[in-house]
Amino acid sequence: MCLGIWVKQKLDLNTLRMKRKKLYLGLFILSFIVAGINYYFWGSVDWYSNAFGNPVLFLVASITGVLTVVFFCIQFKCSILTYIGKNSLLFYALHRIVIDLLIVVYGKLRIPIETDFVSFVMAMVSVILSIAILYPINCIALKWVPWCLGKWKK
């Protein structure tokens, strides 16, 4: 968050508007390559297991990944990602519970997750399902207890 505030204060995004497409593509490629190298040599990243792989590669992949999503939302007006970004506290707080429950469901459905490709696909499916499950919970929280999310009723 501190990095985001610093970038907002120091970097004029209006000067980047002309170069945004190249910047977006470059950040995406860099993030993908760095995260791939981190995964290949140090294994998967899991915050809850305190496994980050190489800390430098982790930070570079994280920062470039976040900037990629921000520029993507600016470029294409992606309302879903913008909504999640504005309401990220609840999604971040509860997504692991949902994903753990989904892993149990996958086991009950006997979905094999042994190969890297299937594991990657199921991770993407889990993220999408997690967002879909947490969206109504977020709406309820915003309506009834917005102060818990740092927001106030208007």
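1. Start with N87. Leaving out residues up to four places away in sequence, N87 touches N138, L142 and K151. This residue sits in the loop between α4 (79-86) and α5. N87 counts as buried, because its relative accessibility is 8% and the cut-off for buried is under 20%. The N87 side chain also reaches the backbone oxygen of Y83, at 2.9 Å. Please bear in mind throughout that this is a predicted model.

2. Overall make-up. The protein chain has 6 helices and 0 strands. Along the sequence the pattern reads α-α-α-α-α-α. Of the 154 residues in the protein chain, 22% are buried. Take the contacts with a separation of 6 or more: residues 24 or more positions apart account for 61% of them.

3. The α5 and α6 pair. Helix α5 covers residues 88-108 and helix α6 covers residues 116-144. Their axes come within 8 Å and cross at roughly 130 degrees. The crossing of α5 and α6 is right-handed.

4. Who meets whom there. On the α5 side, the contact is made by L90, F91, L94, H95, V98, I99, L102 and Y106. On the α6 side, the partners include M122, V125, S126, L129, S130 and I131. Further along α6, I133, L134, Y135, I137, N138 and A141 also take part. By class, this contact of α5 with α6 has 16 nonpolar residues, 4 polar residues and no charged ones.

5. L102 as a worked example. L102 belongs to helix α5. Is L102 buried or exposed? L102 counts as buried, because its relative accessibility is 10%, and buried means under 20%. Leaving aside neighbours within four places in sequence, L102 is in contact with S126, L129 and S130. Look at S126 in particular. L102 and S126 are 24 residues apart in sequence, yet their C-alpha atoms are 6.8 Å apart in space.

6. R110, worth a check of the backbone. R110 lies in the loop between α5 and α6. R110 is not a glycine, yet its phi is positive, at about 60 degrees. Most residues other than glycine have a negative phi. The side of the question about surface is plain: R110 counts as exposed, because its relative accessibility is 75% and exposed means over 50%.

7. T68 and its link to F28. T68 is placed in helix α3 (residues 55-76). T68 is buried, with a relative accessible area of 7%. Which residues does T68 contact, leaving aside neighbours within four places in sequence? They are Y24, L27 and F28. For F28 there is a polar detail too. The backbone nitrogen of F28 lies 3.3 Å from a polar atom of the T68 side chain.

8. A35 sits in helix α2 (residues 20-42). Its relative accessible area is 34%, so A35 is partly exposed. A35 and N54 are 19 residues apart along the chain. The C-alpha atoms of A35 and N54 are separated by 9.8 Å.

Terms used: Residues numbered from 1 in each chain as written. Predicted model: local features only at pLDDT ≥ 70, side-chain atom pairs only at ≥ 80, totals over all residues. Heavy atoms only, no water. Axes fitted to C-alpha atoms, helices over the stretch in contact; angles between N-to-C directions. Helix = DSSP H or I, 4+ residues; strand = E, 2+ residues; numbered from the N terminus. Left-handed = near helix turned anticlockwise from the far one by under 90°. Contact = heavy atoms within 4.5 Å. Nonpolar A, V, L, I, M, F, W, Y, C, P; charged D, E, K, R; others polar. Buried < 20%, exposed > 50% of the residue type's maximum accessible area, 1.4 Å probe, protein only. Polar contact = N/O pair within 3.5 Å; in protein donor to acceptor, adjacent residues only side chain to side chain.
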